[in-house]
Amino acid sequence: MIAYIVGNLLGFVENSIIVENNGLGYLIKLPPYLFEKNKNRKGDILEFYISHQFIAESQQLFGFESIPDLESFQKLLKIHGIGVKLALQIVSSFKTNPTLIVDLKNDRVNSLKSIPGVGEKTAKRIFDELKGCFPEFSDVKFDDKAKLAVDALVSLGVTFQRAKEVVIDTLKDIPDINILKSEDIITMAIQRIR
């Protein structure tokens with residue numbers, strides 16, 4: 001069973017990457033956001049946490065950049081009606097849109113239907129099974145002030161993804177964001193970027 005790999009990114013096959021380690025190449029399928037993140041890193045040394053799945057008569061490797069992402073993927077696979085392709089898409093959607101985590105925490109199940117391939121019944125199953133299961137974001141309150149902070153950083157030239165990551169990291173250090181204005185969050189986020 002393969003659980004972790006560090007190796008040289010050799011190339012790409014459809015939505016998968018080939019990682020070389022000790023003379024062997026491993027074909028690893030990634031969530032869409034992670035594939036996009038690494039598609040210009042050919043030749044770089046990368047590391048992934050691996051979900052080694054036995055599907056029908058074949059074996060497949062699925063790569064993630066953190067253990068919480070790996071655990072989320074494996075929990076999703078236990079939900080009736082969710083296969084590996086949809087599970088990868090859901091993990092990707094949660095990583096690129098952290099407000100979905102907040103929606104789960106606030107019982108807004110319908111927002112899950114914004115994920116490609118997720119209908120009403122699947123959204124309800126995800127909500128019931130995964131609420132509170134994404135520890136990376138569990139302590140973050142991504143409210144309107146945080147959204148304004150992200151927008152402000154983007155207007156200053158920060159990429160949307162980077163702006164979200166910085167704001168999330170900033171909010172993790174604040175015990176009570178209710179005492180702050182969005183301007184305060186922006187200032188703290190800019191200081192973190194410098």
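Reader: Which residue in β4 is the bridge partner of Asn8?

Author: Happy to start there, with a caution: this is a predicted model, in which local features need pLDDT of at least 70, side-chain atom pairs count only at pLDDT 80 or more, and totals for chains, interfaces and linings use all residues. Residues are numbered from 1 along each chain as its sequence is written, and side-chain values use heavy atoms, leaving out hydrogens and water. Strands β1 (residues 4-13) and β4 (residues 45-55) pair in the antiparallel sense over five bridges, where pairing takes at least two bridges found by DSSP. Within β4, the bridge partner of Asn8 is Ile45.

Reader: How many helices and how many strands does the protein have?

Author: Helices (H or I, at least four residues) and strands (E, at least two) are DSSP runs, numbered from the N terminus. Starting at the N terminus, the elements run β-β-β-α-β-β-α-α-α-α-α-α-α. The tally is eight helices and five strands.

Reader: How many degrees does the twist average from one strand to the next?

Author: Angles run from 0 to 180 degrees between N-to-C directions, with axes fitted as lines to C-alpha atoms, for helices over the stretch in contact. The five strands close into a barrel in the order β1-β2-β3-β5-β4, with mixed pairing. From one strand to the next, the twist averages 55 degrees.

Reader: What angle does the direction of α3 make with that of β5?

Author: Helix α2 (residues 67-77) lies across β4 and β5 (58-64), at about 15 degrees to β4. Helix α3 (residues 84-96) packs on the sheet and touches β3 (24-29), β4 and β5, contact meaning heavy atoms within 4.5 Å. Its direction and that of β5 make an angle of about 0 degrees.

Reader: Within what arc do the buried residues of α2 fall?

Author: Buried means under 20% relative accessible area, exposed over 50%, and partly exposed in between, using a 1.4 Å probe and protein chains only. In α2, the buried residues are Asp69, Leu70, Ser72, Phe73 and Leu76. They line one face of the helix, because the arc, taken from the directions from the helix axis to the C-beta atoms, is 160 degrees.

Reader: Which residues are exposed on the other side of α5?

Author: In α5 (120-130), the buried residues are Thr122, Ala123, Ile126, Phe127 and Leu130. These cover an arc of only 140 degrees around the axis, so they sit on the same side of α5. Across from them, the exposed residues are Glu120, Lys121 and Glu129.

Reader: Is Ser93 buried or exposed?

Author: Ser93 is found in helix α3. Not counting residues up to four places away in sequence, Ser93 touches Leu100, Ile115 and Pro116. With a relative accessible area of 9%, Ser93 is buried.

Reader: How many residues does α3 give to the lining of the second largest pocket?

Author: On a 1 Å grid over the protein atoms alone, a pocket is an open set of points with protein on both sides within 12 Å along at least five of seven lines, and lining residues have an atom within 4 Å of a point. The second largest pocket has a volume of about 220 Å³, which is the space filled by probe spheres set on the points, these being joined across faces, edges and corners. Its lining includes Phe35, Gln60, Val84 and Leu88, and the elements that give two or more residues are α1 and α3. The largest share comes from α3, at four residues.

Reader: What is the relative accessibility of Ala56?

Author: Ala56 lies in the loop between β4 and β5. Its phi is near 55 degrees, a positive value in a residue other than glycine. Ala56 counts as exposed, with a relative accessibility of 82%.

Reader: What distance separates the C-alpha atoms of Asn21 and Asn8?

Author: Asn21 is found in strand β2 and counts as partly exposed at 24% relative accessibility. Leaving aside neighbours within four places in sequence, Asn21 is in contact with Ile5, Val6 and Tyr26. Asn21 and Asn8 are 13 residues apart along the chain, and their C-alpha atoms are separated by 6.8 Å.

Terms used: 1 Å grid on protein atoms, 1.4 Å probe; cavity = no way out; pocket = protein on both sides within 12 Å on 5 of 7 lines; lining within 4 Å.
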